[in-house]
Amino acid sequence: QVQLGESGGGLVQAGASLRLSCAASGRAADIYVVGWFRQAPGKERERVAAINWDGISTYYADSVKGRFTISRDNTKNTVYLQMNSLKPEDTAVYYCAAAAGFAGPYNSWGQGTQVTVSS
């Protein structure tokens with residue numbers, strides 16, 4: 001059974017940076033791809049980034065390209081989301097989720113961490 005736990009959220013001003021962490025445990029095949037998603041109040045959940053096991057393949061939503069970087073340290077079973085140049089529109093609950101492939105489905109989810117960016 002895959003277990004995921006996010007940390008690193010907080011309240012920052014526009015232009016600041018945050019690094020989110022996702023600690024994962026479970027069968028390696030079930031966490032081959034880890035994605036970061038976000039959901040703001042009244043909006044649909046959005047996949048913002050994803051990374052495969054070896055870190056070679058990544059995905060970024062257009063809204064975060066050039067500002068967010070996803071990485072993983074398999075020795076620590078942790079996936080990171082470095083968020084730079086944060087904007088108020090980045091405010092959301094951020095979740096990490098695991099899948100066997102980039103196409104999903106993402107069957108395992110963490111509890112989420114709140115990111116709030118003030119203007």
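Mentor: Let us first settle a term: a nonpolar core is a set of buried Ala, Val, Leu, Ile, Met, Phe, Trp, Tyr and Cys residues joined through side-chain atoms within 4.5 Å. Please bear in mind throughout that the model is predicted.

Trainee: Which residues touch the most other members of the largest nonpolar core?

Mentor: The largest nonpolar core holds 29 residues. Strands E3 (18-25), E4, E5, E7, E8, E9 (92-99) and E11 (113-118) each give two or more residues to this core. The residues that touch the most other members are Trp 36, Ile 70, Leu 81, Met 83 and Tyr 94.

Trainee: Which residues does Met 83 touch, not counting residues up to four places away in sequence?

Mentor: Met 83 is among the core residues that touch the most other members. With residues up to four places away in sequence not counted, Met 83 touches Ala 16, Ser 17, Leu 18, Leu 20, Arg 67, Phe 68, Tyr 94 and Val 115.

Trainee: Turning to the strands, which of them stand at the edges of the open sheet, each with a single partner strand?

Mentor: The open sheet has four strands in the order E1-E3-E8-E7, with antiparallel pairing. An edge strand has a single partner, so one side of it is left without a neighbour in the sheet. The strands in that position are E1 (3-7) and E7 (68-73).

Trainee: By what angle are neighbouring strands of this sheet turned against each other on average?

Mentor: The average is taken over neighbouring strands of the sheet with direction ignored. The angle is 15°.

Trainee: Which residue in E8 stands opposite Thr 69?

Mentor: E7 and E8 (residues 78-83) pair in the antiparallel sense, and six bridges join them. Opposite Thr 69 stands Gln 82.

Trainee: Which residue in E5 stands opposite Gly 35?

Mentor: E4 (residues 33-39) and E5 (residues 46-51) run antiparallel and are joined by five bridges. They form a hairpin with six residues between them, and Gly 42 in the turn has a positive phi of about 80°. The residue opposite Gly 35 is Ala 50.

Trainee: And which residue in E6 stands opposite Ala 50?

Mentor: Three bridges pair E5 with E6 (residues 58-60) in the antiparallel sense. This hairpin also has six residues between its strands, with a positive phi of about 80° at Gly 55 in the turn. Opposite Ala 50 stands Tyr 59.

Trainee: Is Asp 90 buried or exposed?

Mentor: Buried means under 20% relative accessible area. The relative accessibility of Asp 90 is 1%, and therefore the residue counts as buried.

Trainee: What is the distance between the closest N and O atoms in the salt bridge of Asp 90 with Arg 67?

Mentor: This pair links distant parts of the chain, since Asp 90 is in the loop between E8 and E9 and Arg 67 in the loop between E6 and E7, 23 residues apart. Arg 67 counts as buried, at 10% relative accessibility. The closest N and O atoms are separated by 2.7 Å.

Trainee: Which residues are linked in a network of salt bridges?

Mentor: The count of salt bridges comes to four. One of them, between Asp 62 and Lys 65, has its closest N and O atoms 3.2 Å apart, and both of these residues are exposed. The network links Arg 38, Glu 46, Arg 67 and Asp 90.

Trainee: Finally, with which side chain does the side chain of Ser 63 make a polar contact?

Mentor: Ser 63 lies in the loop between E6 and E7 and counts as partly exposed at 32% relative accessibility. Leaving aside neighbours within four places in sequence, Ser 63 is in contact with Arg 38 and Glu 46. The polar contact, at 2.9 Å, is with the side chain of Glu 46.

Methods. Residues are numbered from 1 along each chain as its sequence is written. This is a predicted model: local features need pLDDT of at least 70, side-chain atom pairs count only at pLDDT 80 or more; totals for chains, interfaces and linings use all residues. Side-chain values use heavy atoms; hydrogens and water are left out. Two strands pair if DSSP finds at least two bridges between them. Axes are lines fitted to C-alpha atoms, for helices over the stretch in contact, and angles run from 0 to 180 degrees between N-to-C directions. Buried means under 20% relative accessible area, exposed over 50%, partly exposed in between (1.4 Å probe, protein chains only). Contact means heavy atoms within 4.5 Å. A salt bridge is a side-chain nitrogen of Lys or Arg within 4 Å of a carboxyl oxygen of Asp or Glu. A polar contact is a pair of N or O atoms within 3.5 Å; within protein, one must be able to donate a hydrogen and the other to accept it, and residues adjacent in sequence count only if both atoms are side-chain atoms.
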